[in-house]
Amino acid sequence: MLEQFTSIGIFIFVGLGFAVSSLLVAWIVRPKRPNPLKMSTYECGLETRGRTWIQFKVSYFLYALVFLVFDVEVVFLIPWAVEFLKLPWIAFIEMFIFIGILVVGLWYVWKEGALEWK
Amino acid sequence: MLKMLSNAWLIPIPPAVAFVLIVLVTKRFKLLSALLAIFAITLSFIYSIGILLEVLSQGITMNNPVEYSVNWLSLGGETIRPLLIEAGVLIDPLTSVMLVVVTLVALLVEIYSLGYMKGDPGFSVFFGYLSFFVMSMLGLVLANNYFMMFIFWELVGLCSYLLIGFYFHKHSAAKASKKAFITNRWGDFGFMLGIFSLFLIFGTFNFNDLAEAIGRQHGAFLIIPALLVLAGPIAKSAQFPLHVWLPDAMEGPTPVSALIHAATMVAAGVYLIARGYILFTGLEAVSFAIAYIGGFTALFAAIIAVVQFDIKRIIAFSTVSQLGYMVMALGVGSLSAGIFHLTTHAFFKALLFLAAGSVIHAAHTQNIFEMGGLSKSMKITTWSFIVGALSLSGIFPLAGFWSKDEILLVTLEKGFTGLYIIGSLVAFLTAFYVFRLVFVVFFGKKKTRAYESPLSMTVPLMVLAFLSITSGFAGAPFVEKGFSSFIYFQEPHHVQVNFLIMIGSTVLALGGIALAWAVYVKKLIDPVLVTDRARSLYVVVYNKFYIDEIYHWLFYRIMMNIGKAFNWNDRHVVDGIFDGIAGLTRAAGAKLRLVHTGNLQNYALVIFASVVIIVIWMAVPVLGGIQ
Amino acid sequence: MIAGIDFSLLTVEIFTAALGLGLLIINLIVPGNQRSATGYLTVLGLLGILLVTLSYEGVEKTFMDGMYIIDPFATFFKRLFLVAAILVTISSLPFVKKLGYNEGDFFSLLVFATLGMMVLVSAGELITLYLGLELMTISFYILVSFKKKDAKSCEAGIKYIILSAMSSALLLYGLSLVYGLTKTTIIEQIASTLAAGTMQPLMALGIIFLLAGFGFKISLVPFHMWAPDVYEGAPTPITAFLAVASKAAALAAFVRIFLIGFPAYQEYWITLVIVLSVLTMVLGNLVAIPQTNIKRLLAYSSISQAGYLLLGIVAFSSMGIGAILFFSIIYVFTNVGAFMVVVALSTSTGSHKIEDYSGLYRRAPLLAVVMLFCLLSLAGLPPLAGFVGKLYLFIAVIEKGYIWLALLAVLMSMVSVYYYLLVVKVMFLKEPPQNSGIIKVPNGLQIAMVFSLILIIVLGIYPKPLSDLAMSVAHTFFPFSF
């Protein structure tokens with residue numbers, strides 16, 4: 001049934017069309033009054049100096065990861081806290097196991113020195 | 001105590017372990033290796049005795065054997081014929097007797113080798129090989145199906161190759177081992193085709209299942225499988241026309257000759273015929289062929305033995321001749337007589353070989369005319385050799401007398417008068433050639449200085465001499481419940497004692513001895529004169545009827561040319577094709593390797609492109625995509 | 001206890017997780033210079049868990065309404081992973097000792113990767129499956145690039161992360177398409193939803209994406225490109241683990257999804273699987289020939305072995321599944337055995353070049369013999385275990401009438417004999433280099449090697465017990481032989 005693939009075709013077409021048309025509409029309706037400041041790369045930031053392909057300090061990522069982990073913890077903790085009274089006692093233990101695992105993780109991160117900015 | 005029987009698979013284990021240990025661990029410690037091998041075979045021997053006693057006390061007969069097996073491999077389903085191969089043991093009186101014979105002779109030979117092989121650089125390896133051989137032989141005897149048997153059959157062949165070529169630096173030994181291997185290959189090939197064709201017809205390898213199936217439908221269609229299977233025994237038991245390897249096999253160390261080429265391995269062929277007896281007995285033509293091959297071989301080899309002068313060669317031809325007797329007995333329809341002779345022969349032939357080894361050990365030559373008068377310095381060897389010779393000649397009341405007599409009796413009783421006459425003639429010749437050997441080597445003028453061999457060699461001789469005298473009583477006609485009511489086919493067959501035959505064969509044997517005495521001791525007849533008179537005949541016989549030369553000619557002229565043609569074809573056509581393919585393969589490999597650029601983006605691209613190609617393929621109906 | 005949830009079913013997984021965490025904690029407590037002992041602890045722990053799996057004999061239950069399945073099939077693979085993990089742990093002891101940093105992390109990650117595989121084979125539901133897959137893969141990212149000062153190891157790690165992420169994306173896309181069309185993520189329900197309808201194009205797209213995603217993990221041609229580079233760069237024990245356990249895990253999940261989830265569309269995807277299998281066998285074996293690095297050679301050989309394994313799926317019968325199970329176990333011992341030799345040699349010589357194996361038989365007979373038997377078993381020569389494994393696979397496809405496929409597989413096995421024997425030739429016939437001494441092999445590694453060697457030989461001569469087990473497991477898992 002080749003015609004059944006038309007749905008996929010339409011899907012792709014509409015997807016592409018949406019992206020192109022929104023750009024197109026923006027291009028048509030927007031006012032075009034360029035000046036040097038507006039043409040600069042970072043309109044609202046600082047000019048980069050030197051090469052942009054530099055090594056980033058890995059600690060950025062480590063921080064981000066640790067942050068993410070505890071972010072996810074909150075995602076689990078909130079529904080648990082809301083329904084806390086209706087849940088059986090095992091749910092209480094389970095959450096402590098979960099937090100315990102995260103604590104081990106934090107301990108590990110700490111001990112490995114990932115929290116220190118060197 | 002059925003446990004004992006169900007664990008019979010343990011019997012080959014000690015020698016197998018000994019082999020592994022010797023080769024891997026104890027190779028450097030000579031005495032330890034030897035003792036290890038002897039200890040292992042002793043264990044097997046004791047267990048075998050246990051099995052024999054168990055078989056006797058349990059009342060296990062040929063018709064209700066016990067069988068223990070596990071499925072070794074099972075395959076198949078709807079479209080493929082189910083293939084089931086078992087690993088198991090079959091125990092009946094035949095097995096139990098064979099086990100005892102093999103382990104006992106092997107034990108004695110190994111003890112003997114302690115002395116005989118002393119100082120040999122390959123001492124440890126020799127014992128390792130012997131252990132490996134015993135393991136294979138025991139496996140062969142215990143197997144409950146043709147497939148297992150074939151595996152061990154091949155292992156036995158391999159051991160024989162290794163042991164014949166033990167002195168591989170000697171050109172003749174290397175050649176002999178090759179000859180043995182190649183000759184046996186012919187038989188093995190037939191045997192293999194035979195068991196496969198049996199499998200195709202009946203769908204099983206198991207002896208009992210096959211026996212049952214053959215019992216139900218027996219007919220001329222089995223002639224070809226039967227003949228193919230028969231090819232195995234003909235080669236392994238050195239029957240005409242595949243007997244040529246056995247005399248040459250004497251290049252191996254003498255204990256090997258005793259163990260393999262007299263007592264056990266060559267018996268494997270006879271054992272195989274006995275195992276699959278139902279296959280042959282129903283086919284008159286095949287039985288007939290077996291009987292006449294055996295009879296002919298017996299006579300043929302005996303004639304050759306008369307003119308040889310290498311001590312081991314004489315005994316070797318005597319082995320061929322005696323094997324002919326056994327095969328003849330099986331052919332005329334007496335399992336009991338054949339196996340009985342196998343048993344007694346194992347003892348007295350091992351004895352003869354070991355005694356011959358003792359002589360060679362002392363005299364440092366194998367030419368009997370270079371020896372002489374050894375009886376004075378080597379008492380034990382002499383006497384045990386004479387016991388063996390008497391037994392071989394079939395002199396009352398030694399073991400050989402009873403078994404040979406039974407064969408002759410059976411032959412006559414079944415109406416094979418021609419074979420009976422041949423058998424009697426062989427008996428005469430046997431007595432003559434063996435006592436020719438005795439008189440020349442042990443009596444007469446002293447030609448070499450010789451000393452009695454060490455105790456480790458003489459004790460086995462004495463034990464074997466004892467057995468050569470006594471083992472025959474197990475099957476003597478006056479013994480009730482004797483050998484023939486223990487090992488038989490379908491129902492025990494008791495031969496009527498025929499004193500006429502007994503006396504006849506004894507007279508013939510004595511006549512042979514007397515002739516030998518007359519010629520070689522009293523010098524009443526000058527052998528040189530006789531040979532001069534019949535020069536051409538002598539030359540023909542001495543050269544073993546030129547069978548070797550015929551084979552040589554066949555081999556070099558015809559086989560080699562065919563081989564050369566194939567070789568040319570192989571080198572130019574087949575190799576060309578395959579080299580081409582291989583080259584192409586290599587080139588393809590080398591080219592395909594370049595796809596791996598190591599570049600990450602390329603890899604990602606390949607993955608995506610593949611997905612896209614598959615999607616397109618599945619999307620387009622013409623290419624067999626989704627309908 | 002929450003009704004309907006029997007946590008005892010998860011004992012193995014819980015223990016494994018506890019072991020992983022415990023190792024991490026021990027690593028934090030124990031001072032740096034004593035941490036290499038964690039390796040022994042890992043072996044003990046894994047052995048203990050292996051014992052626990054024995055109590056799961058014949059258990060066939062589901063957890064949380066089919067989200068998680070404990071059946072003989074899953075248990076069989078869990079045992080396989082544990083055995084592989086034990087062997088790999090033993091063979092990584094010398095490596096970790098030499099490493100000198102993060103010893104505990106290494107073993108902890110190894111255990112977590114094993115846990116991921118367990119979840120993967122037990123998952124009865126697509127999201128759990130994906131979770132297991134990622135747990136396994138992420139652990140492997142780190143393990144692959146564990147030699148952080150070695151450029152090759154880092155390169156391998158990066159390549160693995162990026163390509164694996166890409167394949168995960170494909171897989172996820174496939175999963176979401178399947179979910180979108182069936183409104184369920186539970187595999188059993190997918191099957192019942194699909195049973196009625198005809199093939200929809202979007203479904204085909206989903207199946208293709210799934211195939212590509214799994215094909216990446218199993219390293220099927222043309223999704224195999226990462227494998228040689230990653231195998232070469234990764235620490236050798238990890239390469240072994242990657243080549244054996246992760247492949248088996250992905251294959252098991254693949255089998256579960258396709259055979260249980262999409263039997264309705266078998267005629268479509270089997271064609272695809274045949275094509276991939278042919279490509280994998282042909283390419284894997286051909287490209288292995290010109291390799292000069294033993295790890296790359298083994299990488300290509302393991303690619304080609306994956307091609308043989310696919311034959312079991314092509315057969316689409318319990319015999320085929322049984323053959324896969326049997327072959328997988330054999331494959332653990334042969335391949336890990338071969339890699340153990342590589343480990344032993346590289347810790348003493350530091351080289352992975354095949355030419356540096358010259359005269360190995362003189363320098364280290366045990367290594368040479370183990371390597372010989374492993375390679376011959378991989379090549380499928382009787383009477384070794386690999387032969388029996390291949391035999392079962394070939395018979396399974398022949399039963400379905402794909403005789404040409406079996407012939408091709410046999411042909412490619414012959415090609416493989418060629419390059420395996422090249423290594424053997426170097427080991428046994430070439431003279432050892434001048435200043436080479438005897439190679440010392442740690443005891444633990446020796447025991448593991450001899451153990452593998454014995455199994456390779458014994459299972460080749462007497463395969464019955466294992467094949468019976470595999471066939472019965474396969475029969476309960478997939479009781480169809482049509």
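**Exercise 1.** Does C:Phe316 count as buried or exposed, given its C-beta neighbours inside 10 Å?

*Solution.* The model is a predicted one, in which local features need pLDDT of at least 70, side-chain atom pairs count only at pLDDT 80 or more, and totals for chains, interfaces and linings use all residues. Residues are numbered from 1 along each chain as its sequence is written, while chains are lettered from A and ligands numbered from 1 in the order in which they are written. A residue is buried if 20 or more other C-beta atoms, placed from the backbone, lie within 10 Å of its own, exposed if 12 or fewer, and partly exposed in between. C:Phe316 has 24 such neighbours and therefore counts as buried. Its place is the loop between helix H12 (294–315) and helix H13 (318–349) of chain C, where helices (H or I, at least four residues) and strands (E, at least two) are DSSP runs numbered from the N terminus. Phi of C:Phe316 is near 50°, a positive value in a residue other than glycine.

**Exercise 2.** Classify C:Lys183 as buried or exposed, and describe its backbone.

*Solution.* C:Lys183 lies in the loop between helix H6 (151–182) and helix H7 (187–196) of chain C, and its phi, near 60°, is positive although the residue is not glycine. With 9 other C-beta atoms within 10 Å, C:Lys183 is exposed. Most residues other than glycine have a negative phi, and most peptide bonds are trans. The peptide bond from C:Val221 to C:Pro222, by contrast, is cis, with omega near 5°, and C:Pro222 sits in the loop between helix H8 (201–218) and helix H9 (226–233) of chain C.

**Exercise 3.** Describe how helix H5 (residues 126–144) and helix H10 (residues 236–261) of chain C are placed relative to each other.

*Solution.* The axes, which are lines fitted to C-alpha atoms over the stretch in contact, with angles running from 0 to 180 degrees between N-to-C directions, come within 12 Å and cross at roughly 170°. H5(C) is therefore roughly antiparallel to H10(C), the term for angles over 145 degrees. Two residues are in contact if their C-beta atoms, placed from the backbone, lie within 7 Å; among those that meet are C:Leu129 and C:Phe140 in H5(C), and C:Leu242 and C:Ser246 in H10(C). By class, this contact has 9 nonpolar, 1 polar and no charged residues, where Ala, Val, Leu, Ile, Met, Phe, Trp, Tyr, Cys and Pro count as nonpolar, Asp, Glu, Lys and Arg as charged, and the others, Gly among them, as polar.

**Exercise 4.** Describe the side of chain B that touches chain C.

*Solution.* The contact takes 29 residues from chain B and 33 residues from chain C. On chain B, strand S1 (66–75), helix H24 (547–593) and helix H25 (600–619) each give two or more residues, and the largest share, 10 residues, comes from H25(B). The residues on this side divide into 17 nonpolar, 9 polar and 3 charged.

Technical notes:
Angles under 35 degrees count as roughly parallel, over 145 as roughly antiparallel, 65 to 115 as roughly perpendicular and the rest as oblique.
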